[in-house]
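Subject: Structure handover

Hello,

Here is the structure I promised to pass on. Please open it first, then read my notes below.

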Amino acid sequence: MQHSTPKTVYPSVHIILLTYQMREVVERCLCSLERLTYPNRRIIVVDNNSNDGIEQVMKSRFPEVTTFQTGQNLGYTGGNNYGIRFAMDNGSDYILILNPDTILANPRFIEEMVDYAETNPTVGIVGPRVFLRERETIQNTVLFAPGLWTNIKNWVAYRANPESFNLSKDVPVEAEVLNGVCLLLRTECLKQIGLFDENIFMYIEDAEMDHRARTHGWGVRYVPVDSVIHEQKHEGYHMTGLVSFLLRRNSVYYLCKIGRTAEAWGYAILSLLLLCVRGVATLNNKSCQEYMRFCKRLATAYLLMLRNRPLDESFGPPFAQK
């Protein structure tokens, strides 16, 4: 009697792209992902209430892609959670979080990542090699968690040897934090630790989730698998902008949440002192007033968190996300 060779079973992978006012970027990414070779995959696009015609484009050009409209800007955390919940409810074994401003570099990278995860069942979060803007430049996706002493030490060390901070090596590395540009999340891990913390909105959410994973005994691992090219724009860093605000606010939130309250106080105080000194020393009167208003908003956010008040109260003009 002739026996047929058993077919390879591919775990289910749901790929989540979160977008907000990025229609053309999403189109480019989805066209690129058509070259993926992993068979048991499903792509989900979650739109955070854009007004750029993304829903019409999805219906006409990518009808096979599952598309959701959240109805409001839920941020990186809330928007991705929207897609993650759908994936988990529909039997996904793994969830790939992918920035829409990426282009496929290796059509087989999902196979390689899933294979690594399947042979390392205690690893809950896997991050591949990502290229920054061009194939020749590797983006550093192995990061450090926020911390007062960590930031001071790294600030000094980076200025002494910037190259030493690219920890994306040619061998698997246990990471303290993996950059969220491309992440493979094990559903079993998420069921135990929970999803992204929606209080954070965006920035530092990767550090907070990775900390929870390690606390529950899951590995957080970088693997040297070529994946995508991250077409991140060259954008100036505005000291009084939303990115600056969220990075600082969420760093203190993270330290409070993991129980390092004294360090959170120190981080907040030093952060405000440095901001105020820079503002007084370098800005004219008009700019200095704007800078001080930013410092006041940030100080208010710090106090809310350090006094265990709801984090969403720290959002206010001009940062309201409604």
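Arginine 85 forms a salt bridge with glutamate 198, with the closest N and O atoms 2.9 Å apart. (A salt bridge is a side-chain nitrogen of Lys or Arg within 4 Å of a carboxyl oxygen of Asp or Glu.) Arginine 85 lies in helix H3 and glutamate 198 in the loop between H6 and H7, so the pair ties together parts that are 113 residues apart in sequence. Helices (H or I, at least four residues) and strands (E, at least two) are DSSP runs, numbered from the N terminus. Arginine 85 is partly exposed, at 40% relative accessibility. Glutamate 198 is partly exposed too, at 38%. Here buried means under 20% relative accessible area, exposed over 50%, and partly exposed in between (1.4 Å probe, protein chains only).

Before going on, note that this is a predicted model: local features need pLDDT of at least 70, side-chain atom pairs count only at pLDDT 80 or more, and totals for chains, interfaces and linings use all residues. Residues are numbered from 1 along each chain as its sequence is written, and side-chain values use heavy atoms, leaving out hydrogens and water.

More salt bridges

The structure holds 14 salt bridges. Aspartate 197 and lysine 257 form one of them, at 2.7 Å from N to O. This pair also links distant parts of the chain: aspartate 197 is in the loop between H6 and H7, lysine 257 is in helix H8 (residues 242-257), and they are 60 residues apart. Aspartate 197 is buried, at 9% relative accessible area. Lysine 257 is partly exposed, at 41%.

Glutamate 27 and arginine 23 make a local pair in helix H1 (residues 23-33), being four residues apart, about one helical turn. Their side chains meet at 3.5 Å, N to O. Glutamate 27 is buried, at 15% relative accessible area, and arginine 23 is partly exposed, at 28%. Both belong to a salt-bridge network of Arg23, Glu24, Glu27 and Arg61.

A buried charge without a partner

Aspartate 47 sits in strand S2 (residues 41-47). Aspartate 47 is buried yet has no salt bridge. The nearest side chain of opposite charge is arginine 23, 10 Å away. (Lys and Arg count as positive, Asp and Glu as negative; His and the chain ends are not counted.) Leaving out residues up to four places away in sequence, aspartate 47 touches Thr19, Tyr20, Ile54, Phe68, Gln69 and Thr70. Contact means heavy atoms within 4.5 Å.

The whole chain and its cores

The protein chain has ten helices and eleven strands. Of its 322 residues, 51% count as buried. Among contacts with a separation of 6 or more, 78% are between residues 24 or more positions apart.

The largest nonpolar core has 35 residues; Val13, Ile15, Leu17, Leu30, Phe109, Ile110 and Leu184 touch the most other members. Helix H4 (residues 109-119) gives the most to this core, with six residues. Another core, of 29 residues, lies apart from it and includes Ile44, Phe68, Ile84 and Ile97. (A nonpolar core is a set of buried Ala, Val, Leu, Ile, Met, Phe, Trp, Tyr and Cys residues joined through side-chain atoms within 4.5 Å.)

Around helix H7

Two residues in the loop between H6 and H7 are worth a look. Phenylalanine 201 is in that loop and has a positive phi near 70°, though not a glycine. Phenylalanine 201 is buried, at 8% relative accessibility. Isoleucine 204 is in the loop as well, with a positive phi of about 75°. Isoleucine 204 is buried, at 13%. Helix H7 (residues 205-215) is mostly covered, with eight of its eleven residues buried. Just after H7, glycine 217 has a positive phi of about 90°.

On the surface

Trp265, Ile269, Leu273 and Leu303 make a nonpolar surface patch of about 370 Å². Patches are made of residues with over 30% relative accessible area and no salt bridge: like charges are joined within 9 Å, nonpolar side chains (Val, Leu, Ile, Met, Phe, Trp, Tyr) within 5 Å. Areas come from the Shrake-Rupley method with a 1.4 Å probe; for residues, only the protein chains shown count as cover. Helix H9 (residues 261-282) gives the most to the patch, with three residues. Leucine 273 is exposed, at 52% relative accessibility.

Best wishes
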